[in-house]
Amino acid sequence: MAEPAVQVEGLGKRFEVAERGAGLRAALRALVHRRVRVVEAVRELSFALAPGERVGLLGPNGAGKTTTLKILAGLLYPSRGQVRVAGFTPHLRKYEFLRSISLVMGHKRQLSWDLPAVDTFELNRVIYDIDASAYRRRLDDFVERLGLASIMFKPVRQLSLGERMKCELVAALLHEPSILFLDEPTLGMDVSMQLAIRAFVREYNEERGATIVLTSHYMQDVSALCPRILVINDGALRFDGTIEALTRTIRPLRRVSVRAESFPEDAALADWGRVIERAGDRLVLDVEPERVPEVVSRLVGLPDSRELLVREAPLEEVLRELFARPDDADEARP
Amino acid sequence: MSARHQLRALAALWRLGFAEASAYRVALFVWILTSTFPLISLALWAGIARDAPVGDFTQRDFVAYFVGAFLIRQLTSSWVVWDLERQIATGELSALLLRPIHPLLHHLMTNLAALPLRAALAAPLAIAVLVAAGGLQIAPSSLELLVLPLALVGAWLINFSVQLIIGSLAFWITSSSALYELWMTCYVVLSGYAVPTSLLPAGMTTAVRYLPFHAALGFPVELLIGRLSPAELLTGFAVQCCWVVALALAAGWTWRRGARVYGAVGA
């Protein structure tokens, strides 16, 4: 079996955070008595990712996703536990390790602000020791796929958010990293730009066999890109598996919606499933999976039945429900 | 990374730094204008020495000294303390840490890359002052001219290392550049920036020559204008070397300790 691209065992990360109350008095008190609180950003995390996997790290704000990503990329020293990425200990930041990875952050940049992006591309060519012909080939390929021809010669400060992120991706991928960490890569972008970035990342993964680890608050990013998700909450792993498996564990019911001229009484509908919405000609039910064929046939038989749709619960709702459950009652724990 | 690749990478960083300095050329010129303090000292001391020398400085000596101080300050300055403080506080440092070249080499090269432009922008100002003051009369020997670049490198390394140490303190404290103001206060008095160190009170003149402030400015200026005996020249280089080694080691240590507590805030 191939060595995992990422191997994490008992990872923990503690930060010391200075705190003070509001107002002048608290400010003066803080001058002589500094109050420090220890925050466990990551408590106990263990997982392994195979080469070529696309994995989404999910969790609410402050769950420890970005801290985990920063540790994997070698930016932070772990407080405890073992981490191996591409066969290296990340925080030692060995040359070969840094050549094997890239981290793209939606709200941070590596491009020089007042220079055209192509200047940073050229700098990376030399720093990463990329062969001139390979550099030209990759750059031409990325430029064509992302439509960068007219923007990479403009100073970065004049680019839109989406244009800048495309250039950030190119700068991050020119050395063809085997592991790509993406932290909120589509933050603040419109839908078409999100789609373009997703398609590009997927192609990079499929063509180069690179491992992709993604955090995003846009569930569409995760569901479109990641066959496997790791759900983190309070610095600990709450789920490791596919989106379908998570959904079926947390929200096993299927959501069935339909439009029709009229519906049976509520008491009769309750026998089919749980009524989520009933308004005018629209009805939404949550139905047990094994009863879906039977309920669907009944709904099809309603007068003027149309727009029948059966789907799993949206990932946002599944996660909300997962996070609302106490940790020890967690059925989704791997 | 092979030595050849390392050199190519340093050259690429230099080119990037030069391109950035060119993009900020107006800001660079304004910065030069704000560091014309030696030219103000020149006007003051040349006025005082109009009728009689002050110590061993005639009016022309003051002109040569302070124009030299202005130019050497331009050629040995850096701004890594502010860059590091900002990058650590905002998490911008992460982008440099992710590249397979040491972030301090990035700062070293981009700071060095601005020097030619800085010299080109400062030179007309220095020439204008010299013309207004009636010309420059210095007679450095060929040996002095030969070793001057070494003294400039030493002075630059001292300034850069001190800024690295103070900038790296931003890993622990919010505003480390405030400490740099403290350093600069001592520098103005003890380096020969406001007054040649040979005009300080008798006891101080000898003592300050062993401090890093004088090694970073007064020593190369005195070398440039030919005021050092061979013994003083050797002592000056020895003192400068000691400070370069001590401060570079301290900078490396502070950086390594700091990187362990880096929080990569917001990144």
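Predicted model: local features only at pLDDT ≥ 70, side-chain atom pairs only at ≥ 80, totals over all residues.
**Entry 1: the cavities**

I looked up the second largest cavity, and about 30 Å³ of space lies in it. For my own notes, a cavity is a set of points, on a 1 Å grid over the protein atoms alone, where a 1.4 Å probe fits but cannot get out, and lining residues have an atom within 4 Å of a point. Grid points are joined across faces, edges and corners, and a volume is the space filled by probe spheres set on the points. Residues are numbered from 1 along each chain as its sequence is written, chains are lettered from A and ligands numbered from 1 in the order in which they are written, and side-chain values use heavy atoms, with hydrogens and water left out.

What lines this second largest cavity? I found Leu182(A), Pro185(A), Thr186(A), Ile197(A), Arg198(A), Val201(A), Leu214(A), Asp221(A) and Leu225(A). Helix 7 (191-208) of chain A gives the most, with three residues, and helix 8 (219-225) of chain A supplies at least two. Helices (H or I, at least four residues) and strands (E, at least two) are DSSP runs, numbered from the N terminus. By class I get six nonpolar, one polar and two charged residues in this lining. In that count, Ala, Val, Leu, Ile, Met, Phe, Trp, Tyr, Cys and Pro are nonpolar, Asp, Glu, Lys and Arg are charged, and the others, Gly among them, are polar.

How many cavities of 30 Å³ or more are there? I count two by this rule. The largest cavity has a volume of about 160 Å³. It is lined by 15 residues, and Leu103(A), Val104(A), Met105(A), Gln110(A) and Leu98(B) lie nearest its centre. Strand 5 (101-105) and helix 6 (161-173) of chain A each give two or more residues to this lining, and the largest share, five residues, comes from strand 5 of chain A.

**Entry 2: the pockets**

Next I went to the open spaces. A pocket is an open set with protein on both sides within 12 Å along at least five of seven lines. The largest pocket holds about 1400 Å³ of space. Of its 46 lining residues, Phe15(A), Glu16(A), Val261(B), Tyr262(B) and Gly263(B) are the closest to its centre.

Closest to its centre, out of 27 lining residues, are Glu20(B), Tyr24(B), Trp79(B), Asp83(B) and Arg86(B). Among the elements of chain B that supply at least two residues are helix 1 (3-23), helix 2 (25-34) and helix 5. Its lining divides into 13 nonpolar, eight polar and six charged residues.

**Entry 3: the cores**

A nonpolar core is a set of buried Ala, Val, Leu, Ile, Met, Phe, Trp, Tyr and Cys residues joined through side-chain atoms within 4.5 Å. Buried means under 20% relative accessible area, exposed over 50%, and partly exposed in between (1.4 Å probe, protein chains only). The largest core has 100 residues, and Val6(A), Val85(A), Phe181(A) and Leu93(B) have the most contacts inside it. Helix 9 (residues 142-168) of chain B brings the largest share of this core, 11 residues. I also found a second, separate core of 64 residues, which includes Tyr128(A), Ala171(A), Tyr204(A) and Ala12(B).

**Entry 4: helix 4 of chain A**

I checked helix 4 (residues 117-127) of chain A and found it mostly covered, with eight of its 11 residues buried. Phe121(A), Leu123(A) and Asn124(A) are among the buried ones. Just after this helix, Asp129(A) takes a positive phi of about 55°.

Asp234(A) has a positive phi of about 55° although it is not a glycine. I located Asp234(A) in the loop between strand 8 (228-233) and strand 9 (236-241) of chain A. Is Asp234(A) buried or partly exposed? Asp234(A) is partly exposed, at a relative accessible area of 44%.

Asp304(A), also not a glycine, has a positive phi of about 55°. Asp304(A) sits in the loop between helix 11 (292-300) and strand 13 (306-311) of chain A, and Asp304(A) counts as partly exposed at 47% relative accessibility.
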